[in-house]
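I opened the notebook to record what I looked up, entry by entry. The sequence and the structure come first.

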Amino acid sequence: MHTTALKTAAKPAKLAHKIIIGTKDTNWEQQGFNAASAKLIKEELGKKISPVVIVADGAYNFILVDSIENNDANSEKWRKLGAKAQATASQFKLDSVTLVNTTNSTDALVLVAEGFVLANYKFKKYKTLENGNGTVKELVLLDGSISKEALKELETVTDANLIARDLVNEPLSFLTAVQLGKELKKLGKEAGFTVEVFDKKQIESLKMGGLLAVNIGSVDPPTFSVLEYKPKKAVNKAPIVLVGKGVVYDTGGLSLKPTPGSMDQMKCDMAGAAAVAGAFYALAKNELPLHVIGLIPATDNRPGGNAYVPGDVITMHSGLTVEVLNTDAEGRLLLGDALSYAQQYKPELVIDLATLTGAAMRAIGHQGAVFMGSADEATRKKLVDSGNAVYERLVEFPLWEEYDEMIKSDVADIKNVGGALAGATTAGMFLRRFTNYPWMHIDIAGPAFLDRAEAYRPKYGSGYGVRLLYDFLKKRLIS
Ligand code: BES
Ligand code: MN
Ligand code: ZN
(Lines give C-alpha, C1' and ligand atoms only; values in the text may rest on other atoms or scores of the structure.)
(Ligands and ions follow the chains in the order given, each with its own letter.)
Protein backbone atom coordinates (compact mmCIF):
# COMPACT_ATOMS: atom_id res chain seq x y z
CA MET A 1 0.00 0.00 0.00
CA HIS A 2 1.63 3.28 1.17
CA THR A 3 0.23 5.76 -1.35
CA THR A 4 2.04 8.39 0.71
CA ALA A 5 5.58 7.82 1.91
CA LEU A 6 5.70 9.18 5.47
CA LYS A 7 9.03 10.48 6.72
CA THR A 8 10.40 12.58 9.53
CA ALA A 9 13.14 15.17 9.32
CA ALA A 10 14.83 17.54 11.72
CA LYS A 11 15.19 20.34 9.17
CA PRO A 12 13.24 21.15 6.01
CA ALA A 13 14.95 20.53 2.70
CA LYS A 14 15.86 23.59 0.61
CA LEU A 15 12.82 24.92 -1.26
CA ALA A 16 10.51 22.48 0.48
CA HIS A 17 6.81 23.07 -0.06
CA LYS A 18 5.26 23.35 3.37
CA ILE A 19 2.04 22.82 5.21
CA ILE A 20 2.27 24.96 8.32
CA ILE A 21 0.03 24.30 11.30
CA GLY A 22 -0.73 27.30 13.47
CA THR A 23 -3.30 29.08 15.56
CA LYS A 24 -4.59 32.64 15.33
CA ASP A 25 -1.84 33.61 17.78
CA THR A 26 1.03 32.28 15.70
CA ASN A 27 3.78 34.83 15.09
CA TRP A 28 4.43 34.36 11.37
CA GLU A 29 7.57 36.47 11.36
CA GLN A 30 9.07 34.17 13.95
CA GLN A 31 8.23 31.36 11.56
CA GLY A 32 10.58 32.85 9.00
CA PHE A 33 8.22 34.92 6.88
CA ASN A 34 9.19 38.51 6.13
CA ALA A 35 7.01 41.34 7.46
CA ALA A 36 5.09 41.70 4.18
CA SER A 37 4.28 37.98 4.00
CA ALA A 38 3.33 37.86 7.68
CA LYS A 39 0.95 40.76 7.12
CA LEU A 40 -0.54 39.06 4.09
CA ILE A 41 -1.13 35.84 6.04
CA LYS A 42 -2.87 37.72 8.85
CA GLU A 43 -5.05 39.59 6.33
CA GLU A 44 -6.01 36.47 4.40
CA LEU A 45 -6.79 34.57 7.59
CA GLY A 46 -9.04 37.45 8.62
CA LYS A 47 -10.99 37.12 5.38
CA LYS A 48 -11.42 33.39 5.02
CA ILE A 49 -10.82 30.13 6.69
CA SER A 50 -7.56 28.33 6.08
CA PRO A 51 -5.73 27.05 4.18
CA VAL A 52 -4.12 30.24 3.01
CA VAL A 53 -1.64 29.55 0.24
CA ILE A 54 1.33 31.85 -0.15
CA VAL A 55 4.51 31.56 -2.16
CA ALA A 56 7.72 32.47 -0.36
CA ASP A 57 11.31 31.76 -1.43
CA GLY A 58 10.09 29.86 -4.48
CA ALA A 59 8.04 27.34 -2.53
CA TYR A 60 4.38 26.96 -1.67
CA ASN A 61 3.23 27.38 1.91
CA PHE A 62 -0.18 26.07 2.88
CA ILE A 63 -1.10 27.76 6.14
CA LEU A 64 -3.60 25.86 8.28
CA VAL A 65 -5.08 27.69 11.24
CA ASP A 66 -7.57 26.59 13.85
CA SER A 67 -7.77 26.39 17.61
CA ILE A 68 -6.20 23.60 19.64
CA GLU A 69 -8.90 21.97 21.74
CA ASN A 70 -9.13 18.56 23.23
CA ASN A 71 -12.41 17.36 21.71
CA ASP A 72 -13.56 15.12 18.85
CA ALA A 73 -15.07 17.86 16.68
CA ASN A 74 -11.85 19.90 16.85
CA SER A 75 -9.83 16.80 15.91
CA GLU A 76 -11.99 16.32 12.84
CA LYS A 77 -11.42 19.96 11.83
CA TRP A 78 -7.67 19.30 11.73
CA ARG A 79 -8.15 16.12 9.66
CA LYS A 80 -10.29 18.07 7.22
CA LEU A 81 -7.65 20.82 6.99
CA GLY A 82 -5.08 18.13 6.21
CA ALA A 83 -7.37 16.92 3.43
CA LYS A 84 -7.69 20.45 2.04
CA ALA A 85 -3.92 20.86 2.01
CA GLN A 86 -3.66 17.55 0.13
CA ALA A 87 -6.22 18.70 -2.44
CA THR A 88 -4.27 21.91 -3.08
CA ALA A 89 -0.88 20.19 -3.16
CA SER A 90 -2.10 17.60 -5.64
CA GLN A 91 -3.71 20.31 -7.76
CA PHE A 92 -0.27 21.92 -7.98
CA LYS A 93 1.18 18.47 -8.80
CA LEU A 94 3.69 18.61 -5.94
CA ASP A 95 5.70 15.46 -5.28
CA SER A 96 6.74 16.18 -1.73
CA VAL A 97 5.33 18.34 1.04
CA THR A 98 6.80 19.07 4.47
CA LEU A 99 4.50 19.38 7.45
CA VAL A 100 5.58 22.03 9.98
CA ASN A 101 3.95 22.36 13.38
CA THR A 102 4.19 25.76 15.10
CA THR A 103 1.91 24.67 17.94
CA ASN A 104 2.90 22.50 20.86
CA SER A 105 0.19 19.97 20.05
CA THR A 106 1.56 16.73 18.59
CA ASP A 107 -2.07 15.66 18.19
CA ALA A 108 -2.68 18.44 15.68
CA LEU A 109 0.33 17.30 13.68
CA VAL A 110 -0.83 13.68 13.63
CA LEU A 111 -4.42 14.64 12.76
CA VAL A 112 -3.38 16.87 9.85
CA ALA A 113 -1.08 14.12 8.59
CA GLU A 114 -3.90 11.58 8.92
CA GLY A 115 -6.33 13.76 6.96
CA PHE A 116 -3.66 14.35 4.32
CA VAL A 117 -2.78 10.67 3.91
CA LEU A 118 -6.42 9.53 3.86
CA ALA A 119 -7.22 12.14 1.21
CA ASN A 120 -4.14 11.22 -0.81
CA TYR A 121 -5.67 8.15 -2.43
CA LYS A 122 -6.81 7.18 -5.90
CA PHE A 123 -7.99 3.76 -7.06
CA LYS A 124 -5.78 3.64 -10.15
CA LYS A 125 -5.58 -0.06 -10.95
CA TYR A 126 -7.79 0.08 -14.03
CA LYS A 127 -6.69 3.48 -15.35
CA THR A 128 -4.59 3.05 -18.49
CA LEU A 129 -4.70 6.63 -19.79
CA GLU A 130 -3.82 8.89 -16.85
CA ASN A 131 -1.25 7.48 -14.51
CA GLY A 132 0.43 8.97 -11.50
CA ASN A 133 -1.69 12.09 -11.18
CA GLY A 134 -3.71 13.10 -8.20
CA THR A 135 -1.47 11.88 -5.42
CA VAL A 136 1.47 13.45 -3.63
CA LYS A 137 4.38 11.02 -3.23
CA GLU A 138 5.71 11.95 0.18
CA LEU A 139 4.85 13.80 3.34
CA VAL A 140 7.74 14.81 5.59
CA LEU A 141 6.88 15.47 9.23
CA LEU A 142 9.04 18.15 10.73
CA ASP A 143 8.49 17.67 14.41
CA GLY A 144 10.69 15.76 16.77
CA SER A 145 7.78 15.22 19.12
CA ILE A 146 6.18 12.38 17.18
CA SER A 147 7.37 9.04 18.49
CA LYS A 148 8.42 6.14 16.27
CA GLU A 149 5.42 4.14 17.52
CA ALA A 150 2.95 6.95 16.77
CA LEU A 151 4.38 7.32 13.27
CA LYS A 152 4.13 3.60 12.63
CA GLU A 153 0.58 3.54 13.92
CA LEU A 154 -0.39 6.45 11.69
CA GLU A 155 1.15 4.73 8.70
CA THR A 156 -0.31 1.27 9.28
CA VAL A 157 -3.81 2.35 10.30
CA THR A 158 -4.16 4.66 7.29
CA ASP A 159 -2.73 1.88 5.12
CA ALA A 160 -5.33 -0.48 6.54
CA ASN A 161 -8.06 1.99 5.67
CA LEU A 162 -6.81 2.24 2.07
CA ILE A 163 -6.59 -1.55 1.83
CA ALA A 164 -10.28 -1.75 2.75
CA ARG A 165 -11.11 0.91 0.15
CA ASP A 166 -9.24 -0.99 -2.54
CA LEU A 167 -11.12 -4.19 -1.72
CA VAL A 168 -14.47 -2.38 -1.92
CA ASN A 169 -13.50 -0.64 -5.15
CA GLU A 170 -12.49 -3.89 -6.84
CA PRO A 171 -15.29 -5.04 -9.15
CA LEU A 172 -16.70 -8.56 -9.20
CA SER A 173 -14.81 -9.16 -12.47
CA PHE A 174 -11.76 -9.46 -10.21
CA LEU A 175 -12.96 -9.92 -6.66
CA THR A 176 -14.95 -13.15 -6.52
CA ALA A 177 -15.41 -14.99 -3.23
CA VAL A 178 -12.41 -17.18 -4.06
CA GLN A 179 -10.28 -14.15 -4.91
CA LEU A 180 -11.34 -12.48 -1.65
CA GLY A 181 -10.01 -15.54 0.17
CA LYS A 182 -6.69 -15.15 -1.68
CA GLU A 183 -6.48 -11.45 -0.85
CA LEU A 184 -7.09 -12.20 2.82
CA LYS A 185 -4.29 -14.77 2.77
CA LYS A 186 -1.94 -12.23 1.20
CA LEU A 187 -2.78 -9.68 3.89
CA GLY A 188 -2.35 -12.27 6.62
CA LYS A 189 1.14 -13.12 5.33
CA GLU A 190 2.13 -9.48 5.14
CA ALA A 191 0.76 -8.38 8.51
CA GLY A 192 1.18 -11.57 10.56
CA PHE A 193 -2.20 -13.23 11.12
CA THR A 194 -3.40 -16.64 9.96
CA VAL A 195 -6.11 -17.19 7.39
CA GLU A 196 -7.88 -20.43 6.62
CA VAL A 197 -10.24 -20.39 3.64
CA PHE A 198 -12.97 -23.06 3.64
CA ASP A 199 -14.11 -24.12 0.17
CA LYS A 200 -17.60 -25.17 -0.91
CA LYS A 201 -17.13 -28.79 0.22
CA GLN A 202 -16.11 -27.71 3.70
CA ILE A 203 -18.97 -25.21 3.83
CA GLU A 204 -21.33 -28.03 2.89
CA SER A 205 -20.01 -30.29 5.59
CA LEU A 206 -20.43 -27.46 8.09
CA LYS A 207 -24.07 -27.25 6.92
CA MET A 208 -23.99 -23.51 6.41
CA GLY A 209 -27.40 -23.50 4.79
CA GLY A 210 -27.69 -19.71 4.60
CA LEU A 211 -24.42 -19.16 2.76
CA LEU A 212 -25.09 -22.13 0.48
CA ALA A 213 -28.62 -20.97 -0.40
CA VAL A 214 -27.41 -17.52 -1.43
CA ASN A 215 -24.69 -19.15 -3.53
CA ILE A 216 -26.94 -21.57 -5.49
CA GLY A 217 -27.67 -19.07 -8.27
CA SER A 218 -23.99 -18.40 -8.84
CA VAL A 219 -21.46 -20.18 -11.07
CA ASP A 220 -18.66 -19.20 -8.65
CA PRO A 221 -18.26 -21.14 -5.39
CA PRO A 222 -18.61 -19.53 -1.94
CA THR A 223 -15.80 -19.25 0.60
CA PHE A 224 -15.75 -18.93 4.36
CA SER A 225 -12.55 -17.41 5.73
CA VAL A 226 -11.35 -17.70 9.30
CA LEU A 227 -8.76 -15.12 10.35
CA GLU A 228 -6.91 -15.40 13.62
CA TYR A 229 -4.49 -13.16 15.47
CA LYS A 230 -3.30 -14.76 18.67
CA PRO A 231 -0.26 -13.13 20.27
CA LYS A 232 1.31 -14.90 23.25
CA LYS A 233 0.83 -11.85 25.44
CA ALA A 234 -2.90 -11.49 24.70
CA VAL A 235 -4.72 -9.84 27.60
CA ASN A 236 -8.13 -11.38 26.82
CA LYS A 237 -8.85 -15.00 27.78
CA ALA A 238 -11.83 -15.47 25.47
CA PRO A 239 -11.37 -14.12 21.94
CA ILE A 240 -13.07 -11.12 20.36
CA VAL A 241 -14.71 -12.17 17.09
CA LEU A 242 -15.16 -9.81 14.13
CA VAL A 243 -17.62 -10.90 11.44
CA GLY A 244 -17.79 -9.19 8.03
CA LYS A 245 -20.46 -9.54 5.36
CA GLY A 246 -18.65 -10.69 2.23
CA VAL A 247 -21.26 -10.49 -0.52
CA VAL A 248 -18.87 -9.77 -3.37
CA TYR A 249 -21.83 -8.68 -5.49
CA ASP A 250 -25.50 -8.35 -4.69
CA THR A 251 -27.81 -8.46 -7.71
CA GLY A 252 -30.67 -9.16 -5.32
CA GLY A 253 -30.94 -12.67 -6.78
CA LEU A 254 -34.36 -13.47 -8.25
CA SER A 255 -35.74 -10.52 -6.24
CA LEU A 256 -33.59 -8.55 -8.66
CA LYS A 257 -32.48 -5.02 -7.83
CA PRO A 258 -33.05 -2.13 -10.28
CA THR A 259 -29.75 -0.86 -11.75
CA PRO A 260 -29.51 2.94 -11.27
CA GLY A 261 -28.58 3.99 -7.75
CA SER A 262 -29.03 0.44 -6.52
CA MET A 263 -27.50 -2.63 -8.19
CA ASP A 264 -24.85 -0.42 -9.81
CA GLN A 265 -23.36 0.12 -6.34
CA MET A 266 -23.46 -3.45 -5.16
CA LYS A 267 -19.78 -4.27 -5.54
CA CYS A 268 -19.72 -2.53 -2.14
CA ASP A 269 -21.59 -5.39 -0.48
CA MET A 270 -18.40 -6.88 0.96
CA ALA A 271 -17.46 -3.64 2.75
CA GLY A 272 -18.00 -5.37 6.11
CA ALA A 273 -15.46 -8.01 5.11
CA ALA A 274 -13.09 -5.26 3.93
CA ALA A 275 -13.39 -3.47 7.28
CA VAL A 276 -12.56 -6.68 9.17
CA ALA A 277 -9.61 -7.34 6.85
CA GLY A 278 -8.30 -3.80 7.37
CA ALA A 279 -8.76 -4.00 11.13
CA PHE A 280 -6.78 -7.27 11.21
CA TYR A 281 -4.02 -5.65 9.18
CA ALA A 282 -3.76 -2.72 11.60
CA LEU A 283 -4.09 -4.94 14.68
CA ALA A 284 -1.35 -7.34 13.61
CA LYS A 285 1.02 -4.68 12.25
CA ASN A 286 0.84 -2.87 15.60
CA GLU A 287 0.97 -6.12 17.57
CA LEU A 288 -1.92 -5.25 19.86
CA PRO A 289 -1.89 -7.92 22.59
CA LEU A 290 -5.39 -9.21 21.84
CA HIS A 291 -6.69 -12.56 20.66
CA VAL A 292 -9.03 -11.77 17.78
CA ILE A 293 -10.83 -14.04 15.30
CA GLY A 294 -12.33 -12.89 12.01
CA LEU A 295 -15.10 -14.69 10.14
CA ILE A 296 -15.91 -13.81 6.54
CA PRO A 297 -18.69 -15.65 4.71
CA ALA A 298 -18.45 -14.76 1.03
CA THR A 299 -20.40 -15.29 -2.19
CA ASP A 300 -22.09 -13.31 -4.91
CA ASN A 301 -25.90 -13.18 -4.90
CA ARG A 302 -27.18 -14.10 -8.38
CA PRO A 303 -30.41 -15.22 -10.01
CA GLY A 304 -28.90 -17.99 -12.22
CA GLY A 305 -29.56 -21.73 -12.52
CA ASN A 306 -31.30 -23.23 -9.53
CA ALA A 307 -31.16 -19.95 -7.61
CA TYR A 308 -33.03 -19.96 -4.30
CA VAL A 309 -36.54 -18.56 -4.64
CA PRO A 310 -39.00 -16.61 -2.49
CA GLY A 311 -40.94 -19.27 -0.59
CA ASP A 312 -37.97 -21.59 -0.10
CA VAL A 313 -37.28 -22.87 3.39
CA ILE A 314 -33.64 -23.33 4.34
CA THR A 315 -31.92 -24.84 7.36
CA MET A 316 -29.19 -22.68 8.80
CA HIS A 317 -25.87 -23.76 10.38
CA SER A 318 -27.52 -23.43 13.80
CA GLY A 319 -30.38 -25.74 12.79
CA LEU A 320 -32.92 -22.92 12.77
CA THR A 321 -35.19 -22.92 9.67
CA VAL A 322 -35.78 -19.78 7.61
CA GLU A 323 -38.55 -19.00 5.17
CA VAL A 324 -36.99 -16.91 2.40
CA LEU A 325 -39.50 -14.33 1.22
CA ASN A 326 -37.05 -12.04 -0.54
CA THR A 327 -33.77 -13.26 -2.03
CA ASP A 328 -32.40 -9.72 -1.70
CA ALA A 329 -32.36 -10.09 2.10
CA GLU A 330 -29.33 -12.38 1.63
CA GLY A 331 -26.81 -10.79 4.00
CA ARG A 332 -28.58 -11.92 7.15
CA LEU A 333 -28.56 -15.50 5.85
CA LEU A 334 -24.80 -15.81 5.53
CA LEU A 335 -24.20 -13.69 8.63
CA GLY A 336 -26.56 -15.93 10.61
CA ASP A 337 -24.34 -18.88 9.73
CA ALA A 338 -21.17 -17.00 10.68
CA LEU A 339 -22.68 -15.82 13.98
CA SER A 340 -23.69 -19.33 14.98
CA TYR A 341 -20.26 -20.62 13.90
CA ALA A 342 -18.79 -18.02 16.31
CA GLN A 343 -20.50 -19.68 19.30
CA GLN A 344 -17.81 -22.40 19.48
CA TYR A 345 -15.23 -19.80 20.58
CA LYS A 346 -17.24 -18.78 23.66
CA PRO A 347 -16.21 -15.24 22.75
CA GLU A 348 -15.90 -12.29 25.07
CA LEU A 349 -17.59 -10.18 22.39
CA VAL A 350 -18.69 -10.48 18.76
CA ILE A 351 -18.96 -7.48 16.44
CA ASP A 352 -20.39 -7.88 12.95
CA LEU A 353 -20.13 -5.27 10.22
CA ALA A 354 -22.43 -5.45 7.22
CA THR A 355 -23.86 -3.36 4.39
CA LEU A 356 -27.11 -4.90 5.49
CA THR A 357 -30.10 -2.66 4.85
CA GLY A 358 -31.18 0.26 2.70
CA ALA A 359 -33.29 1.21 5.73
CA ALA A 360 -30.17 2.01 7.79
CA MET A 361 -28.84 4.17 4.98
CA ARG A 362 -32.13 6.00 4.54
CA ALA A 363 -32.29 6.64 8.28
CA ILE A 364 -28.95 8.43 8.71
CA GLY A 365 -27.36 8.71 5.28
CA HIS A 366 -23.60 8.54 4.74
CA GLN A 367 -22.56 10.36 7.92
CA GLY A 368 -22.43 7.38 10.21
CA ALA A 369 -23.54 3.83 10.85
CA VAL A 370 -26.46 2.32 12.70
CA PHE A 371 -25.67 -0.20 15.41
CA MET A 372 -27.51 -2.37 17.89
CA GLY A 373 -26.78 -5.35 20.05
CA SER A 374 -26.81 -7.29 23.28
CA ALA A 375 -23.41 -6.26 24.66
CA ASP A 376 -23.58 -4.45 28.00
CA GLU A 377 -24.12 -0.73 28.14
CA ALA A 378 -20.51 0.13 28.96
CA THR A 379 -19.28 -1.77 25.89
CA ARG A 380 -21.88 -0.15 23.63
CA LYS A 381 -20.85 3.24 24.96
CA LYS A 382 -17.21 2.48 24.24
CA LEU A 383 -18.07 1.74 20.65
CA VAL A 384 -19.89 5.06 20.34
CA ASP A 385 -16.91 6.84 21.94
CA SER A 386 -14.48 5.23 19.48
CA GLY A 387 -16.80 6.25 16.66
CA ASN A 388 -16.67 9.85 17.80
CA ALA A 389 -12.91 9.77 18.32
CA VAL A 390 -12.12 8.61 14.77
CA TYR A 391 -15.21 10.31 13.32
CA GLU A 392 -16.76 7.10 12.04
CA ARG A 393 -19.81 7.87 14.09
CA LEU A 394 -22.57 5.56 15.25
CA VAL A 395 -26.14 5.82 16.37
CA GLU A 396 -27.87 3.08 18.34
CA PHE A 397 -31.16 1.53 17.27
CA PRO A 398 -33.33 -0.52 19.63
CA LEU A 399 -33.70 -4.29 19.68
CA TRP A 400 -36.96 -4.38 21.61
CA GLU A 401 -38.45 -7.80 22.13
CA GLU A 402 -41.69 -6.79 20.38
CA TYR A 403 -39.87 -6.57 17.03
CA ASP A 404 -39.31 -10.32 17.17
CA GLU A 405 -42.97 -10.84 16.18
CA MET A 406 -42.16 -9.25 12.82
CA ILE A 407 -39.77 -12.03 11.76
CA LYS A 408 -41.90 -15.00 12.82
CA SER A 409 -42.93 -17.28 9.96
CA ASP A 410 -45.99 -19.46 9.40
CA VAL A 411 -44.05 -22.30 7.81
CA ALA A 412 -40.56 -22.04 9.35
CA ASP A 413 -38.99 -20.78 12.59
CA ILE A 414 -38.36 -17.30 11.19
CA LYS A 415 -38.53 -15.46 7.86
CA ASN A 416 -35.85 -13.30 6.27
CA VAL A 417 -37.94 -10.13 5.92
CA GLY A 418 -39.71 -8.13 8.58
CA GLY A 419 -42.12 -5.97 6.60
CA ALA A 420 -42.12 -2.31 5.60
CA LEU A 421 -41.22 -0.78 8.98
CA ALA A 422 -38.01 -0.77 11.05
CA GLY A 423 -36.00 -2.57 8.37
CA ALA A 424 -32.59 -2.12 10.01
CA THR A 425 -33.93 -3.37 13.33
CA THR A 426 -35.75 -6.44 11.99
CA ALA A 427 -32.51 -7.40 10.22
CA GLY A 428 -30.77 -7.04 13.60
CA MET A 429 -33.49 -9.13 15.30
CA PHE A 430 -32.87 -11.83 12.69
CA LEU A 431 -29.13 -11.86 13.44
CA ARG A 432 -29.75 -11.89 17.18
CA ARG A 433 -31.36 -15.32 16.81
CA PHE A 434 -27.93 -16.78 16.02
CA THR A 435 -26.04 -15.27 18.96
CA ASN A 436 -25.57 -16.52 22.54
CA TYR A 437 -22.79 -14.10 23.56
CA PRO A 438 -22.34 -10.34 23.99
CA TRP A 439 -22.76 -8.94 20.51
CA MET A 440 -22.92 -5.72 18.50
CA HIS A 441 -24.14 -5.40 14.92
CA ILE A 442 -23.00 -2.42 12.83
CA ASP A 443 -25.03 -1.72 9.69
CA ILE A 444 -22.62 0.20 7.45
CA ALA A 445 -24.84 0.41 4.33
CA GLY A 446 -24.75 4.23 4.54
CA PRO A 447 -21.09 5.16 5.17
CA ALA A 448 -19.33 2.29 3.33
CA PHE A 449 -19.77 3.60 -0.19
CA LEU A 450 -20.08 7.27 -1.14
CA ASP A 451 -21.49 8.73 -4.34
CA ARG A 452 -19.19 11.74 -4.03
CA ALA A 453 -15.95 12.61 -2.26
CA GLU A 454 -16.17 14.38 1.08
CA ALA A 455 -13.03 15.84 2.72
CA TYR A 456 -10.66 12.87 3.22
CA ARG A 457 -13.24 10.26 2.18
CA PRO A 458 -13.12 9.56 -1.54
CA LYS A 459 -15.95 8.71 -3.88
CA TYR A 460 -16.85 4.98 -3.67
CA GLY A 461 -15.20 2.78 -1.01
CA SER A 462 -14.59 4.79 2.19
CA GLY A 463 -12.91 2.11 4.28
CA TYR A 464 -15.42 2.84 7.05
CA GLY A 465 -14.97 0.62 10.08
CA VAL A 466 -11.21 0.05 10.02
CA ARG A 467 -10.25 3.04 12.15
CA LEU A 468 -13.30 2.47 14.34
CA LEU A 469 -12.44 -1.16 15.07
CA TYR A 470 -8.76 -0.40 15.62
CA ASP A 471 -9.55 2.36 18.10
CA PHE A 472 -12.11 0.19 19.89
CA LEU A 473 -9.72 -2.76 20.14
CA LYS A 474 -6.88 -0.56 21.33
CA LYS A 475 -9.03 0.87 24.09
CA ARG A 476 -9.85 -2.69 25.20
CA LEU A 477 -6.25 -2.80 26.44
CA ILE A 478 -6.90 -0.17 29.09
CA SER A 479 -10.09 -1.63 30.53
N1 BES B 1 -26.84 -5.13 0.27
C2 BES B 1 -28.17 -4.72 0.51
C3 BES B 1 -28.27 -3.47 1.40
C4 BES B 1 -27.65 -2.20 0.88
C5 BES B 1 -28.43 -1.20 0.36
C6 BES B 1 -26.30 -1.96 1.00
C7 BES B 1 -27.87 -0.02 -0.08
C8 BES B 1 -25.72 -0.78 0.57
C9 BES B 1 -26.51 0.20 0.04
C10 BES B 1 -28.96 -5.83 1.18
O11 BES B 1 -28.58 -7.12 0.84
C12 BES B 1 -30.38 -5.68 0.76
O13 BES B 1 -30.64 -5.82 -0.40
N14 BES B 1 -31.27 -5.40 1.71
C15 BES B 1 -32.64 -5.26 1.43
C16 BES B 1 -33.42 -6.05 2.46
C17 BES B 1 -34.90 -6.11 2.19
C18 BES B 1 -35.18 -6.94 0.95
C19 BES B 1 -35.58 -6.73 3.38
C20 BES B 1 -32.99 -3.78 1.50
O21 BES B 1 -32.50 -3.10 2.39
O22 BES B 1 -33.71 -3.31 0.63
MN1 MN C 1 -29.52 -7.78 -0.92
ZN1 ZN D 1 -26.64 -7.37 0.24
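I took a polar contact to be a pair of N or O atoms within 3.5 Å; within protein, one must be able to donate a hydrogen and the other to accept it, and residues adjacent in sequence count only if both atoms are side-chain atoms. This is a predicted model, where local features need pLDDT of at least 70, side-chain atom pairs count only at pLDDT 80 or more, and totals for chains, interfaces and linings use all residues. Residues are numbered from 1 along each chain as its sequence is written, chains are lettered from A and ligands numbered from 1 in the order in which they are written, and side-chain values use heavy atoms, with hydrogens and water left out.

**Entry: ligand 1**

I looked up the polar contacts of ligand 1. A backbone N or O atom of Leu-356 is 3.4 Å from a nitrogen atom of the ligand. The side chain of Lys-257 has an N or O atom 2.8 Å from a ligand oxygen. For Lys-245, a polar side-chain atom lies 3.2 Å from an oxygen atom of ligand 1. On its own, ligand 1 has 520 Å² of accessible area, and the protein covers 82% of it (Shrake-Rupley method, 1.4 Å probe).

Next I listed the residues near the ligand (a heavy atom within 4 Å). There are 17, and Lys-257, Asp-269, Asp-328, Glu-330 and Gly-358 are the closest. I sorted this shell by class: six nonpolar, four polar and seven charged residues. Here Asp, Glu, Lys and Arg count as charged; Ala, Val, Leu, Ile, Met, Phe, Trp, Tyr, Cys and Pro as nonpolar; the others, Gly among them, as polar.

**Entry: six-stranded sheet**

Strands are DSSP runs (E, at least two residues), as are helices (H or I, at least four), numbered from the N terminus; two strands pair if DSSP finds at least two bridges between them. One open sheet has six strands in the order E1-E6-E5-E2-E4-E3, with mixed pairing. Strands E1 (5–8) and E3 (52–56) are at the edges with a single partner strand each, so one side of each lacks a neighbour in the sheet.

I then checked E2 (residues 18–22) against E4 (residues 59–65): they pair in the parallel sense over five bridges. Ile-21 has Leu-64 in E4 as its bridge partner.
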